[in-house]
Structures are given as C-alpha cells and as structure tokens.
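Welcome! Have a look at the structure first, and then we will go through it together.

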Amino acid sequence: MATAAPAPPPALTFPRPIFAAVSPHPFLQAHLAANKAALRANGRAAHEFRAPGVNLGSLTHSNGSAVIRLGNTSVVCGVRAEMLREEDTPGTCAPAAVAADGEVNDDDEEEEADEVESLGLLVPNIELSTGSTPTHIPGNAPTATAQSLITRLRSLLYATRLLRAADLRITHTPATNPEDPDAAPETVVKGYWVLYLDVFFISIDGAAFDAAWLAVLAALRNTRLPRAFYDDEFEGILCDDDVKQARTLRLRGLPVACSFAVFEGRGEGEGEKGEEWVLSDPDAFEEGVCKEVVTVTVDREAIRRVEKSGGGVVGRGAMKGLVKRAGERWGVVEKAVEGRA
C-alpha cells in the first residue's frame with residue numbers, strides 16, 4: 001500500500017512589524033519593488049509628501065505661535081519677544097539710515113541682514129519632549145540632533161534674510177535737535193526686539209527639520225509686537241497697552257524646506273547594485289535605512305538653499321527633479337499656512 005508523501009514544512013513567515021524591525025532594508029525594498037507606483041511601507045508613493053497641518057495662535061501667552069503636524073511628526077513653536085537696549089548692543093554693525101518720520105530705508109537688504117545677524121536678534125532653541133523619539137532620554141544633555149537642528153534653523157533664518165531689521169528696531173525722534181536747535185531732529189535707534197524662537201517637539205517621525213522650520217515660519221507670520229517707544233521723562237523704553245497698536249512682521253517671502261532621502265536597493269547577487277528611489281518627506285523608518293539626504297528650500301520658483309549629505313546618487317539631473325517636487329510642495333504649504341488648504 002502506497003504511503004502518502006510527508007507534507008512540506010510550513011514556510012517561515014514574520015508579521016510586518018517583526019519583518020521591518022529585523023530586516024528594515026529588505027522590507028522597504030520589497031514594498032518599493034512590488035509595484036510600478038513604488039508604494040512605500042507607509043502607503044505613500046515615492047514622490048508623495050505628507051499633508052501639512054497648521055494651527056496658528058494656539059499659545060495665548062506668546063507673541064506668536066504655531067502648531068505643525070506632518071504625519072506623526074508634531075511640533076510647537078512659540079515666539080517670545082524681549083527688548084535689547086541700544087547701549088547694551090556690541091556696536092558691531094551700524095544701523096541703516098533712519099528717516100525723520102521714523103521709517104527705515106530697506107533698499108539694502110544685505111546691510112539689514114548683517115545687522116540682524118551681528119546683533120543676534122533671532123535666537124532659536126529646540127527641545128524634545130519625553131517619548132518624542134526612542135533615542136531621546138529625558139534629563140540628558142542636548143542631543144546632537146537638537147544641536148544640529150538649532151544650527152540649521154539659525155543659518156537658514158539669516159541666509160534667507162527673512163526678517164527686516166526695521167521691524168525689530170525701536171526708534172525715537174526727539175522734539176529738538178540737541179546739537180543744533182535750528183536743525184530738524186534726527187531719528188535714532190534706542191533699542192531692538194530680540195525674538196526667542198522656542199521649538200518643542202511632541203513627536204518625531206522623520207523630516208524633523210522641515211517641521212521645525214515650518215513651525216518657525218508660521219509662528220513668525222503670526223507674531224505681533226507691541227508698539228514700543230522711548231519716553232524722555234522716564235528715560236527708557238515703554239510699550240503701549242493698546243493691542244490695536246501692535247504690528248506684524250513683514251517677512252521676506254515664504255521659504256519652504258523639503259527633504260528627500262535616497263534609498264539604494266540591493267541586487268540579487270552579493271555586492272550587486274539594485275534600483276534606487278528618491279523618497280519625498282521620509283519618515284523615521286525610511287531615514288534609518290537611507291544614507292543620502294537632500295533638503296531643498298524654495299520660495300515659489302526661487303531656490304533659497306540646497307543641503308546634501310551622504311552618498312552620491314543625486315546628481316544635476318536628479319536635483320532638477322527634486323527642485324520641481326519642492327516647487328509643487330511650496331504651493332501646498334502656502335495654502336496650509338494661509339488657511340486655504
């Protein structure tokens with residue numbers, strides 16, 4: 001009597017979370033190579049960004065604030081304005097000419113940008129909440145990630161010349177000219193507004209710099225500074241209590257940062273190179289398996305900055321495609337910030 005052949009052993013399979021944790025690179029490559037649309041493990045196409053969520057003015061005790069959400073990356077930015085007296089400035093940069101009516105000549109943007117930077121009128125700070133990322137341990141010194149984000153934020157703020165020094169100056173026009181009573185009085189600078197940009201990460205799931213920069217940008221657009229004036233009798237700077245006298249900042253444009261990660265697939269043979277994908281707005285899992293990262297900052301169709309680290313896949317041709325993607329992303333972010341999304 002013929003005996004039945006033994007049944008083959010069951011195939012070794014893993015649930016998705018275990019597969020992703022044990023073999024992250026093959027896990028992501030299996031998703032990207034499985035279809036023509038190159039769907040990632042998070043369900044987005046390679047070129048697809050996460051929809052930005054923007055909420056302005058949530059912090060009632062700050063001069064301006066914004067809450068930003070990109071997928072599972074959530075960040076809050078509050079702007080705190082403090083006064084810096086002119087006599088306390090280092091005097092490394094002379095202010096631009098101030099007209100008799102108190103207005104400032106803004107023709108020389110470079111001179112104004114140098115004044116803002118040399119006086120340190122923008123002070124960004126990054127803080128990570130407990131549980132925002134697995135690598136953050138509460139109570140430890142600031143991590144390299146936080147310090148790197150602070151440096152990049154400060155650099156981009158000054159490189160884009162986003163703020164006008166005229167909006168941060170506190171000027172005064174005396175009743176008479178102390179040097180020549182017959183001459184018209186000259187308007188002088190009595191102080192400056194220093195803006196402390198406190199960025200607080202609730203959770204980080206990739207594209208931390210994009211979210212932090214968007215939070216800073218949105219919070220600055222929401223910022224209102226009280227009318228400050230110099231009082232001759234008091235011999236100091238005072239602020240007007242009338243909220244209607246407060247003014248907004250006249251930002252130069254809307255530069256938007258867009259990050260991309262390059263995923264290099266592996267071939268079937270040992271050491272064989274496989275297909276490559278450029279992923280828009282990578283999440284934390286994708287950042288962990290990608291070596292090359294590119295951040296393109298655009299303002300409408302103008303390129304404001306390009307940052308690139310690791311690898312050499314993205315050349316001139318690929319960079320043009322990334323700039324195009326960033327330009328399309330700019331329109332989406334503008335609608336979200338303006339409340340038209």
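**Where two helices meet**

In α4, the residues Leu149, Arg152, Leu153, Leu156 and Leu157 meet Ala208, Phe209, Ala212, Trp213, Val216 and Leu220 in α6. By class, this contact of α4 with α6 has ten nonpolar residues, one charged residue and no polar ones. Please keep in mind that this is a predicted model.

**How the helices are arranged**

- Two packed helices are described by the angle between their axes and the distance between the axes.
- Here, helix α4 covers residues 144–159 and helix α6 covers residues 208–222; they pack at an angle of about 45°, and their axes are 11 Å apart.
- Because of that angle, α4 is oblique to α6.
- The crossing of α4 and α6 is right-handed.

**The cavities**

- Rolling a probe the size of a water molecule over the atoms shows where empty space is left.
- How many cavities of 30 Å³ or more are there? The count comes to two.
- The largest cavity has a volume of about 90 Å³.
- Its lining is made up of Phe49, Leu70, Asp210, Trp213, Leu214, Val256, Ala257, Cys258, Asp281, Arg329 and Val333.
- By class, the lining of the largest cavity has eight nonpolar, three charged and no polar residues.

**The largest pocket**

- The largest pocket has a volume of about 700 Å³.
- It is lined by 31 residues, and Thr145, Gly206, Ala207, Ala208 and Glu287 lie nearest its centre.
- Which elements each supply at least two residues of this pocket's lining? They are α4, α6, β11, α7 (284–289), β13 (292–299) and β14 (302–309).
- The largest share of the pocket's lining, four residues, comes from α4.
- The residues of the pocket's lining divide into 14 nonpolar, twelve polar and five charged.

Technical notes:
Residues numbered from 1 in each chain as written. Predicted model: local features only at pLDDT ≥ 70, side-chain atom pairs only at ≥ 80, totals over all residues. Heavy atoms only, no water. Axes fitted to C-alpha atoms, helices over the stretch in contact; angles between N-to-C directions. Parallel < 35°, antiparallel > 145°, perpendicular 65-115°, else oblique. Left-handed = near helix turned anticlockwise from the far one by under 90°. Contact = heavy atoms within 4.5 Å. Nonpolar A, V, L, I, M, F, W, Y, C, P; charged D, E, K, R; others polar. 1 Å grid on protein atoms, 1.4 Å probe; cavity = no way out; pocket = protein on both sides within 12 Å on 5 of 7 lines; lining within 4 Å. Points joined across faces, edges and corners; volume = space filled by probe spheres on them.
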